[in-house]
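Hi everyone, thanks for coming. I'd like to walk you through one structure today, so please have a look at it with me before we get into the details.

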Amino acid sequence: MNSTPPANRPDFWLTSGWHLCDRNASGGLLPSADFMLAYFHRPELALVDESCPAEIALHERLTADPFAAVTDEDLAALSDPDIAHNYRAVLAFRRFIAQHDTLQQAYMAVAKGSTISFPPLFIDQLAQIILRDILNDESDPMQVRAAELLFRSQSVTTDDGRIMIADQSVVQLQADHQRSLQQTDRPEEVQIDILTSDNKQLYWERSDRFDTSIDIAFTQPGLDALARVLEKWIAHFLDLSVTITPLVKIEDDNWRWHVGLDSNSTGILNDLYAGKTVTEPRLREILCLFKLSIDSGLKADMNGQPVYLGLAMNAAGIVSAKPQNLLANLPLSDA
């Protein structure tokens, strides 16, 4: 299984599943029995007092051998349809990753459009595991925090030139807790610590809590950290050395190519590229712009040309990145 970082570097994302993975000779990540076992120990599949005999038997079989065969008859025998649904999801994920040599290849297959029959949550989990591997030797906690954006939806707050992002689930949890308090005890705002260059070391001990916020406005360390993570993401999957530079806006009469890092930015950039009118409210949804530069590896007509990248929130102030877009939509050379 994977080892922890060097002694002088803190470990992080202990619940990601990365520590339970094996490796092949090329360093690719492999799902070990313990890796799959963790899925069958999730609360969604845990046995309860009401579990029927068929569910108990199936759970015992899969916890003894996480790769044991399961038939349609096994699932049809479960009395709780929700439990059967949860098993089908995990088993579909198990089947999908078994069709690929490594977890990275499984993720790349998704990026290229392979049909999946399990919830997108599993794709986010794959992204986290792979990012955990990419960042294993990283000493800058700002980069690790920025990487959360690539597998967990973020709530966005813009104020006074700042673009603060915080984990959507954590924000929602705190908001729900506030609503449960008496009015006199209720704070006015959700409180989440902002990670800065001065206090960023506190991230390590809280990495699995996802309860810190960063500023990704232009010139802020959080934005530079995100650019570095995107460079490493591309290098890991595509073996390409690229430079990603934050931008305030795209000013290029020879604009050739762009990639949206989420569905919303893709739509906005497509409209801008086509010369369509984009309303001010939509333009304000753009959170970050980048210029990707690369010396070689792109199609011949893109030689020396930048690729522009965008990241946007939706109208509700939520950003849900799709880092697989970077792997599928770059104008790569066929050579």
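Predicted model: local features only at pLDDT ≥ 70, side-chain atom pairs only at ≥ 80, totals over all residues.

Let's start inside: the largest nonpolar core has 93 residues, and W13, Y87, W233 and F290 are the ones that touch the most other members. By nonpolar core I mean a set of buried Ala, Val, Leu, Ile, Met, Phe, Trp, Tyr and Cys residues joined through side-chain atoms within 4.5 Å. Buried here means under 20% relative accessible area, exposed means over 50%, and partly exposed is in between, with a 1.4 Å probe and protein chains only. There is also a second, separate core of 9 residues, and it includes L269, V278, Y308 and A312.

Residues are numbered from 1 along each chain as its sequence is written, and side-chain values use heavy atoms, with hydrogens and water left out.

Back to the core, then. Which residues does W233 touch, not counting residues up to four places away in sequence? The list is Y107, A127, I130, L131, I134, P323, L326 and L327, where contact means heavy atoms within 4.5 Å.

W13, another of those core residues, lies in the segment before strand 1 (22-23). Helices (H or I, at least four residues) and strands (E, at least two) are DSSP runs, numbered from the N terminus. W13 counts as buried because its relative accessibility is 0%. Its backbone is worth a look too: W13 has a positive phi of about 50° although it is not a glycine. As a reminder, most residues other than glycine have a negative phi.

D160 has a positive phi as well, about 55°, and it is not a glycine either. Is D160 buried or exposed? D160 counts as exposed, because its relative accessibility is 74%. You'll find D160 in the loop between strand 3 (154-159) and strand 4 (162-167).

Now for the helix packing. Two packed helices are described by the angle between their axes and the distance between the axes. Axes are lines fitted to C-alpha atoms, for helices over the stretch in contact, and angles run from 0 to 180 degrees between N-to-C directions.

Take helix 6 (residues 121-134) and helix 9 (residues 221-238): their axes come within 10 Å and cross at roughly 95°. That angle is why helix 6 is described as roughly perpendicular to helix 9. On the wording, angles under 35 degrees count as roughly parallel, over 145 as roughly antiparallel, 65 to 115 as roughly perpendicular and the rest as oblique. From helix 6, A127, I130, L131, D133 and I134 meet V229, K232, W233, H236 and F237 of helix 9. By class, that contact of helix 6 with helix 9 has 7 nonpolar, 1 polar and 2 charged residues. For those classes, Ala, Val, Leu, Ile, Met, Phe, Trp, Tyr, Cys and Pro count as nonpolar, Asp, Glu, Lys and Arg as charged, and the others, Gly among them, as polar.

Helix 9 also packs with helix 5 (residues 103-111): the axes come within 11 Å and cross at roughly 105°. So helix 5 is roughly perpendicular to helix 9. Here Q104, Y107 and M108 in helix 5 meet W233, H236, F237 and L238 in helix 9. This contact of helix 5 with helix 9 has 5 nonpolar, 2 polar and no charged residues.

The next pair is helix 2 (residues 53-64) and helix 4 (residues 81-98), with axes that come within 12 Å and cross at roughly 25°. Helix 2 is therefore roughly parallel to helix 4. On the helix 2 side we have E55, L58, H59 and L62, and they meet I83, Y87 and R94 in helix 4. Those residues divide into 4 nonpolar, 1 polar and 2 charged.

Leaving aside neighbours within four places in sequence, I83 is in contact with E44, L45, E55 and L78. The C-alpha atoms of I83 and S51 are separated by 9.3 Å, and the two residues are 32 apart along the chain.

Finally, two exposed residues. E205 sits in the loop between strand 5 (193-194) and strand 6 (212-215), and E205 is exposed because its relative accessible area is 69%. S180 is in helix 8 (residues 168-180), and S180 counts as exposed because its relative accessibility is 55%.
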